[in-house]
Amino acid sequence: MAPGFSTAEAKDVVLQVGATTTQNFTLKPGSVSEIIEVTSAVPLVDQQKTDVSTNITPQQIQQLPLIGRDIADLAYLSPGVKSADSYDPTKNRYAILSVNGEGGRNVNVTVNGVDNKDNTVGGPVMQLPAEAVQEFQISTQRFSAVNGRSEGAAINVITKSGSNNYHGSAFGFFREQALNAAQKLPDPGNATTPFDYKTPPYSRQWFGGSIGGPIKKDKLFAFFAMERQREHTSIAESPTRLRSSTW
């Protein structure tokens with residue numbers, strides 16, 4: 001605030017990843033104690049950019065269900081995006097998307113502005129746990145040359161970070177054997193009752209969390225996130241199936 005001029009303040013200004021916003025202030029003469037408040041709503045149209053994009057907010061990441069906790073599945077909220085077949089067995093759970101009819105390997109992913117595309121087979125290189133993602137934007141048409149190397153779509157991921165206050169999260173999803181319903185399974189060895197109702201052995205645990213905080217206040221911060229999935233199952237086979245055929 002310059003001496004002799006009034007104070008202007010902007011509130012409720014939301015700036016999402018990949019978006020731009022403009023706030024205009026006018027210096028007007030006034031007393032030192034005078035305050036002018038400008039309340040701004042989220043603009044419907046970004047006048048500074050021409051791309052067609054969808055921003056996934058932190059609230060959507062936190063509240064919407066994710067099968068397999070693949071954060072890129074939220075890109076289905078954008079028009080023209082659907083699932084695609086996996087083009088590489090080593091990348092079968094992250095950003096396998098078809099955008100406007102293109103294949104999954106045409107999606108370029110950047111993490112905090114750093115390129116994350118596999119130059120050999122396409123698609124992303126690093127897979128991020130859902131707990132580490134703050135928000136991301138998917139651009140499907142007319143995106144900037146900054147997001148080049150792709151003719152399908154561009155996903156810009158922003159990760160969470162540390163702060164001056166320690167913060168974290170934890171989650172766990174569990175499916176135990178005792179909660180499984182009995183299934184009608186074939187029993188070839190029983191001529192009277194060819195089917196048997198059994199509870200197949202199956203259990204799954206999916207758990208993880210995150211933690212962030214300061215290493216040196218106001219200067220250096222750290223953030224860590226992880227998740228793990230464990231699955232236990234088996235299929236019973238009849239001993240007669242292992243016998244060799246005789247002619």
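This is a predicted model: local features need pLDDT of at least 70, side-chain atom pairs count only at pLDDT 80 or more; totals for chains, interfaces and linings use all residues.
Residues are numbered from 1 along each chain as its sequence is written, and side-chain values use heavy atoms, with hydrogens and water left out.

Next I looked up the salt bridges, each being a side-chain nitrogen of Lys or Arg within 4 Å of a carboxyl oxygen of Asp or Glu, and the search of the whole structure gave two. In one of them, the side chain of Arg 69 meets that of Glu 131 at 3.1 Å, N to O. Glu 131 lies in the loop between strand 7 (114-115) and strand 8 (133-141), and Arg 69 in the loop between helix 1 (58-63) and strand 4 (81-83), so this pair ties together parts that are 62 residues apart in sequence. I took helices (H or I, at least four residues) and strands (E, at least two) as DSSP runs, numbered from the N terminus. Glu 131 is buried too, with a relative accessible area of 10%.

I then followed Arg 69 to Glu 227, where the side chains meet in a salt bridge of 3.2 Å, N to O. Glu 227 belongs to strand 14 (residues 220-233), so its pairing with Arg 69 in the loop between helix 1 and strand 4 ties together parts 158 residues apart in sequence. Through shared partners, Arg 69, Glu 131 and Glu 227 are joined into one network.

Which ring does the charged end of Arg 69 sit over? I found it over the ring of Phe 171, 3.8 Å from the ring centre; the criterion is NZ of Lys or CZ of Arg within 6 Å of the ring centre and within 35 degrees of the ring normal. Phe 171 counts as buried at 14% relative accessibility.

I also checked for aromatic pairs, meaning rings of Phe, Tyr and Trp (its six-membered ring) with centres within 6.5 Å, planes under 30 degrees apart counting as stacked, over 60 as edge-to-face and the rest as tilted. The structure holds one. The ring centres of Phe 171 and Phe 173 are 5.7 Å apart and the planes lie at 45°, so the pair is tilted. Phe 173 is partly exposed, with a relative accessible area of 49%.

Contact here means heavy atoms within 4.5 Å, and, not counting residues up to four places away in sequence, Ile 155 touches residues including Leu 97, Val 109 and Ile 138.

Notes: Buried means under 20% relative accessible area, exposed over 50%, partly exposed in between (1.4 Å probe, protein chains only).
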